[in-house]
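Please open the model in your viewer and keep the selection tool at hand. The tour goes from stop to stop, and at each one you will be told what to select and what is there.

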Amino acid sequence: MPRMRHVILFLWGLFAILGATALAFVTGLVYPYEKVNGLWLVVAAACIYVLAFRFYGRWLARSVVHLDDKRVTPAVRLNDGVNFQPTNKVVLFGHHFAAIAGAGPLLGPVLAAQFGFLPGFLWLVIGAVLAGAVQDFVILVASLRRNGRSLPEMAHDELGAVTGTATAVAVLFIVVVALAGLGFAVVNALYRNAWGTFTIAMTIPIGFLMGFYLQKFRPGQIAEVSLLGVTLLIAAVLFGRVVAQSSVASWCEFERTTLVWLLAGYGFLASVLPGWMLLVPRGYLSTFMKLGVVLLLGAGVIVMAPTIEMPRITIFASGGGPIIPGPLFPFLFITIACGAVSGFHSLVSSGTTPKMIERESQATIGYGAMLLESFVGVMALIAASVLIPGDYLAINTMLPADALAAMGFHTSRVQELSQLVEVDVAGRPGGAVSLAVGMASIFAALPGMAGLMAYWYQFALVFEALFILTTIDTGTRVARYLIQEMAGRVYAPFRRMNWWPGVLLSSGFVVGAWAYLIGTGSISTIWPMFGAANQLLGTLALCIGTTVLIKMWKSQYLWVTAVPMLFVGGITLVGSYEMFWMFLAKAATLAAGAQAFALYLDAALVAAVAILGVVVLVDSVRQWYGYVILKRPFTSSEFIAATGGGSASRVQTAIHQEDIGRFRLPHGGGCC
């Protein structure tokens, strides 16, 4: 047995050496003046993720939160077959990953490639290991031990009305801004693109068909509906080219304004219809695309080992970039929000997942799924970075070739790429098009795929759009729930989620808000706002996680959540400060009108983010000082239940630090 242990440690050591060697090539410690092979990025990231999950994640589970399978989870204790239900851990991992891995890890790294590939790569990997995965895991455990309560509810219970209210407002704000940023990318990708527009439009009737097939025609036949959905989706991609080259192509070629209206109509429809009819089947369909394309892209990088054309750091690191105008710090960290740390994930970790965990030890999926999402971000970064820098900027900006050449970035293959994919790809900012072009370039380089780049491009575009539309319909519904809950405090009928006046009014407000931001904003204004709002929510989640650790008598481990909280909170405040003055300065150069008003509104929203962040941080630190330093008593909303009989009970009595020796769970039952 000791010999086997030594062998295992030796193998882990070799794994660490491989990861360190790959990282040395990526960072330029080895051959600094040569271009990097994309394979090194994959190897370095994979090694770090595996090591982090095995050692840091395991330490968090055993020493910090102390997962204990003797505790009865809400899924078992409150099993109702609807919301609370024990779920196979593999299926649960797939659900959790599909829920957190929206379009953010696809678009953020692509936009941040403006600064060079190295800063984005390091933030994706380090941020996920030390911040994002920690946040997701701690919040999942906290919710798991509080009967699956949501983040705003936990914030209210553990930190009081001030932070609880700030959390609710922040959640609503981030959802609206996130939907605007993601919707902007869809609009630019489908602008005058008959092939893509037709294919994406067809996913709506396909979703309806899948929903009715599973709900009405063949209940429970998941294999059949899966095969049906995937087959029809592939047929839509293939037939889309026929439509684009036919006389009816003009029916699917829309201007940006029209696409915004169509997207708003879809969001409204998906928000008010029953979930089984459209939202759930389309989300299920996107999961197949999500996992399949990421695995295929990873295989393409491994087989082809493409060269990274983007430099490690570009001249835009100090600011003045054509995509993200601010400097690398703090704008890199709020541009790559999802993939490194994402406050949005805390809504999932305190949403459906804690209600389906059968055993506490399975909560490690919160840490592992975030690492997998970060790997998706790395793959997106590679796909964007294999493009010539001038071509990358030509796609992601509206600048002409001579303006880019004046910056030192000459376009090389934009026209050729447009011909290969049969769509004019220049001047389509948002990240979606450049990512699709990069992915198609990698796929088309595989043996026997040289003449299929147009199909791969549209396939990649559908893959991204399915991600985005799934986030849009789900996010719109979540925001509707939040508005109905808040409005219900003023007018009680709003609390009834099936009260049609409340459903229509709240859905219309949400859709109108994000559609207005799309119509009046740009990627350089909307995406940084989304990043700042997302990081604020991450700060709130880490605040709640820190409070939970205090109330678990784990004050010695506060640095686990407090250090990333301070870093993420600092980024949010600095980024909000710079965006506030940037928006005001830009608005001052415009005559009074819709554009100036939109910029002033953006500045006001950014200021609201900063104020919320300061309020939460100050209020949290004040309470922590009282609990840890002044030894004040506190209450906890944790539910405790163990196997062996007895009833579950909620910890709401005042607990003093000196009571720790007497605060024990009696053998064989729940108490307190």
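Begin by selecting helix H8 (residues 161-190) together with helix H21 (residues 500-520), which pack at an angle of about 50° with their axes 8 Å apart. That angle makes H8 oblique to H21, and H8 passes H21 in a right-handed crossing. For the contact itself, show Val176, Val177, Leu179, Ala180, Gly183, Phe184 and Val187 on H8, and Ala513, Trp514, Leu517 and Ile518 on H21. The residues of this contact divide into ten nonpolar, one polar and no charged.

Before moving on, some terms are needed. This is a predicted model, in which local features need pLDDT of at least 70 and side-chain atom pairs count only at pLDDT 80 or more, while totals for chains, interfaces and linings use all residues. Residues are numbered from 1 along each chain as its sequence is written, and side-chain values use heavy atoms, with hydrogens and water left out. Helices (H or I, at least four residues) and strands (E, at least two) are DSSP runs numbered from the N terminus. Axes are lines fitted to C-alpha atoms, for helices over the stretch in contact, and angles run from 0 to 180 degrees between N-to-C directions. Angles under 35 degrees count as roughly parallel, over 145 as roughly antiparallel, 65 to 115 as roughly perpendicular and the rest as oblique. A crossing is left-handed if the near helix is turned anticlockwise from the far one by less than a right angle, and right-handed if clockwise. Contact means heavy atoms within 4.5 Å. Ala, Val, Leu, Ile, Met, Phe, Trp, Tyr, Cys and Pro count as nonpolar, Asp, Glu, Lys and Arg as charged, and the others, Gly among them, as polar.

Next, select helix H2 (residues 38-64) and H15, whose axes are 10 Å apart and which pack at an angle of about 165°. H2 and H15 are therefore roughly antiparallel to each other, and the crossing of H2 past H15 is right-handed. Among the residues that make the contact are Tyr49 and Phe53 of H2, and Phe375 and Met379 of H15. The contact of H2 with H15 has 14 nonpolar residues, four polar and no charged.

A cavity is a set of points, on a 1 Å grid over the protein atoms alone, where a 1.4 Å probe fits but cannot get out, and lining residues have an atom within 4 Å of a point. Grid points are joined across faces, edges and corners, and a volume is the space filled by probe spheres set on the points. The second largest cavity has a volume of about 50 Å³, and its lining divides into nine nonpolar residues, no polar and no charged.

Then go to Pro330 in helix H13 (residues 328-335), and look at the peptide bond from Phe329 to Pro330, which is cis, with omega near 10°.

Technical notes. On a 1 Å grid over the protein atoms alone, a cavity is a set of points where a 1.4 Å probe fits but cannot get out, and a pocket is an open set with protein on both sides within 12 Å along at least five of seven lines; lining residues have an atom within 4 Å of a point.
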